[in-house]
Amino acid sequence: MNLKEKIERYVPYNEQEEADKQELLRILELNENYFIRENLAAHFTASGWVVSPDRTKTLLAYHNLYDSWAWLGGHADGETDLLSVALKEVREESRLKEVFPVSEDVFSLEILPVFGHEKNGKYVSSHLHLNVTFLLEADPTAEIHNNPDENSKVGWFDLDDVPRVSTETWFVHRIYRKLIEKTKENEAWKPEKF
């Protein structure tokens, strides 16, 4: 199933996701290459909302660029399989050896503002990340390490602590609270009970 089909099948969780889903589908219809970051106005990214098997903790990285604890993920860079991108980025940013998708379905959709900033000594203009999030699972006792190119720390946090440790107000209110609620509420994403 291609990305457009996955997004079409996705049932939005809230008004933000409904609006962003419609815009993402509109963008995909344009047939422009939104999968490369050379598309300066907007490009696709993938995030992994990495949770513990009991769904009580999530893995975050302290991103140097944003000066905040945040979820893990990155640019598609030409790849259209965004689940693969999310897995690759999580492994690169945390050095986790074993991380698995809970499902191949989309867990969350969002169009994220990225304000102008310096990266590698060069100015990057404000733009949008057309983000697709996947629910991933990993063992919180597994060895993790930061990636100095992208973050200075990685660590596991109780779900309820995420709004306290992130300094990105918009993300806390619009994205992280939603992800936390979905993780706690939705039976389809919880591990099977024995």
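I shall speak about charged side chains and then about aromatic rings. Please keep in mind that this is a predicted model.

Let me begin with the salt bridges, of which the structure holds 13. One of them joins E17 to K178, with the closest N and O atoms 2.9 Å apart.

What is the nearest side chain of opposite charge to D20? It is K178, at 6.4 Å. A salt bridge requires a nitrogen and a carboxyl oxygen within 4 Å, and D20 is buried with no salt bridge. Leaving aside residues up to four places away in sequence, D20 touches L109, E110 and I111.

Other salt bridges have partners in other surroundings. K88 and E89 form one, with 3.2 Å between the closest N and O atoms. Here K88 is partly exposed, at 38% relative accessibility, whereas E89 is buried, at 6%. In the bridge between R164 and D161, the corresponding distance is 3.8 Å. R164 is exposed at 60%, while D161 is partly exposed at 26%.

I turn now to the aromatic rings. The structure holds eight aromatic pairs. Among them is the pair of W71 and F171, which is edge-to-face, at 6.4 Å centre to centre and with 85 degrees between the planes. W71 lies in the loop between β3 and β4, and F171 lies in helix α5, so the pair ties together parts that are 100 residues apart in sequence. Both W71 and F171 are buried.

F171 also pairs with W170: the ring centres are 5.4 Å apart and the planes stand at 80 degrees, so this pair is edge-to-face. The relative accessible area of F171 is 11%, whereas W170 is partly exposed at 36%. Ring pairs link W49, W71, W170, F171 and Y176 into a cluster.

Finally, charges and rings come together at two places I wish to mention. The charged end of K182 sits over the ring of F107, 4.7 Å from its centre. K153 lies over the face of Y62, at 5.1 Å from the ring centre.

Methods. Residues are numbered from 1 along each chain as its sequence is written. This is a predicted model: local features need pLDDT of at least 70, side-chain atom pairs count only at pLDDT 80 or more; totals for chains, interfaces and linings use all residues. Side-chain values use heavy atoms; hydrogens and water are left out. Buried means under 20% relative accessible area, exposed over 50%, partly exposed in between (1.4 Å probe, protein chains only). Lys and Arg count as positive and Asp and Glu as negative; His and the chain ends are not counted. Contact means heavy atoms within 4.5 Å. Rings of Phe, Tyr and Trp (its six-membered ring) pair if their centres lie within 6.5 Å; planes under 30 degrees apart count as stacked, over 60 as edge-to-face and the rest as tilted. Helices (H or I, at least four residues) and strands (E, at least two) are DSSP runs, numbered from the N terminus. A charge sits over a ring if NZ of Lys or CZ of Arg is within 6 Å of the ring centre and within 35 degrees of the ring normal.
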